[in-house]
Amino acid sequence: MAERSRGARRRLLLLLLLLLAGSAASPAEEGGGRREAGGGEHGEEAARHHDSSYGTFASEFYDLRYLSEEGYPFPTAPPVDPFAKIRVDDCGKTKGCFRYGKPGCNAETCDYFLSYRRIGADVEFELSADTDGWVAVGFSSDKKMGGDDVMACVHDDNGRVRIQHFYNVGQWAKEIQRNPARDEEGVFENNRVTCRFKRPVYVPREETIVDLHLSWYYLFAWGPAIQGSITRHDIDSPPVSERVVSIYKYEDIFMPSAAYQTFSSPFCLLLIVALTFYLLMGTP
């Protein structure tokens, strides 16, 4: 019996020694063993690929950026296409034009200038006026302000020119969030607001947006802006097209401003002739 008990104790001691020997390897060593097993050429190649990818990313990142004087990186500004000047040589040929101001003026010298031309399913408009605020065109069923679809180019305090959509409620222009304009561009230079945009010929039937395939009177207006909001137009009676305008007919129409209308009216011409005749003949 004693012999059997001693054998059992020896076996138990041997088992304990084996358990202690198996747990002698630390978790760090086991992790190191796993890293070695996963290493070799494949591991080194993966590490090189990672380093190479990071280097490529870093070089491309700094290629697209520059450092300021303080050493902080800033993104480079994207290239901006300059605003293409409005051509007046095409007026009456490939586009229709309205000029208001001094006889012989162009898009850079007229008090107000507008052109229109069809491009596919759109109509492209170009507007320019001698103002630091806004320039607009209204499409009306009559020659009066009220109930009109209006497109305006507004110069804001940040120097941008934005194209906005309005609807004339009486003598007040209400901005409409639904804006049919696209391909918008504008510039403020030499104290002039100039812009270019397109809007579709046909639109879903709505009170505030007209179909341009129909003919409308064109209302021309411009004036100052306060913090990017339009105010009353510059002149009390803005010019209006004499007849309805069709986008399918291109004309080059000149309208003399008030300063040049004095001597063009029939009454003034008759008065000048009478005065000239009186001075030549003398008094009896």
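Reader: Which residues line the second largest pocket?

Author: First, a word on the ground rules: this is a predicted model, where local features need pLDDT of at least 70, side-chain atom pairs count only at pLDDT 80 or more, and totals for chains, interfaces and linings use all residues. Residues are numbered from 1 along each chain as its sequence is written, and side-chain values use heavy atoms, with hydrogens and water left out. A pocket here is an open set of points on a 1 Å grid over the protein atoms alone, where a 1.4 Å probe fits, with protein on both sides within 12 Å along at least five of seven lines, and a lining residue has an atom within 4 Å of a point. On that basis, the lining is Phe83, Lys85, Ile86, Ala107, Glu108, Ser128, Val187, Glu189, Asn190, Arg192 and Thr194.

Reader: Which strands each supply at least two residues of that lining?

Author: Strands are DSSP runs of at least two residues, numbered from the N terminus. For the second largest pocket, the ones to look at are E10 (182-189) and E11 (192-200).

Reader: What is the volume of the second largest pocket, and what is it for the largest?

Author: Volume means the space filled by probe spheres set on the grid points, which are joined across faces, edges and corners. The second largest pocket comes out at about 280 Å³. For the largest pocket, the value is about 560 Å³.

Reader: Which strand gives the largest share of the lining of the largest pocket?

Author: That lining has 25 residues, with Met145, Asn168, Ala221, His233 and Pro238 nearest the pocket's centre. Strands E6, E7, E8, E9 and E12 each bring at least two residues to it. The largest share is four residues, and they come from E6.

Reader: How many residues apart in sequence are the parts tied together by Cys153 and Cys195?

Author: The sulfur atoms of Cys153 and Cys195 are 1.8 Å apart, and both residues are buried. Cys153 lies in strand E7 and Cys195 in strand E11, so the parts tied together are separated by 42 residues.

Reader: What pattern do the disulfides of the chain follow?

Author: The whole structure has three disulfides. Cys105 and Cys110 form one of them, with sulfur atoms 1.9 Å apart. Counting bonded cysteines along the chain, the pattern is 1-2, 3-4, 5-6.

Reader: Which residue has its backbone oxygen 2.7 Å from a polar atom of the Arg196 side chain?

Author: Arg196 lies in strand E11 and is buried, at 7% relative accessible area. Leaving out residues up to four places away in sequence, Arg196 touches (heavy atoms within 4.5 Å) residues including Phe83, Glu124 and Asp183. The backbone oxygen at 2.7 Å belongs to Ala84.

Terms used
A disulfide is a pair of cysteine sulfur atoms within 2.5 Å. Buried means under 20% relative accessible area, exposed over 50%, partly exposed in between (1.4 Å probe, protein chains only). A polar contact is a pair of N or O atoms within 3.5 Å; within protein, one must be able to donate a hydrogen and the other to accept it, and residues adjacent in sequence count only if both atoms are side-chain atoms.
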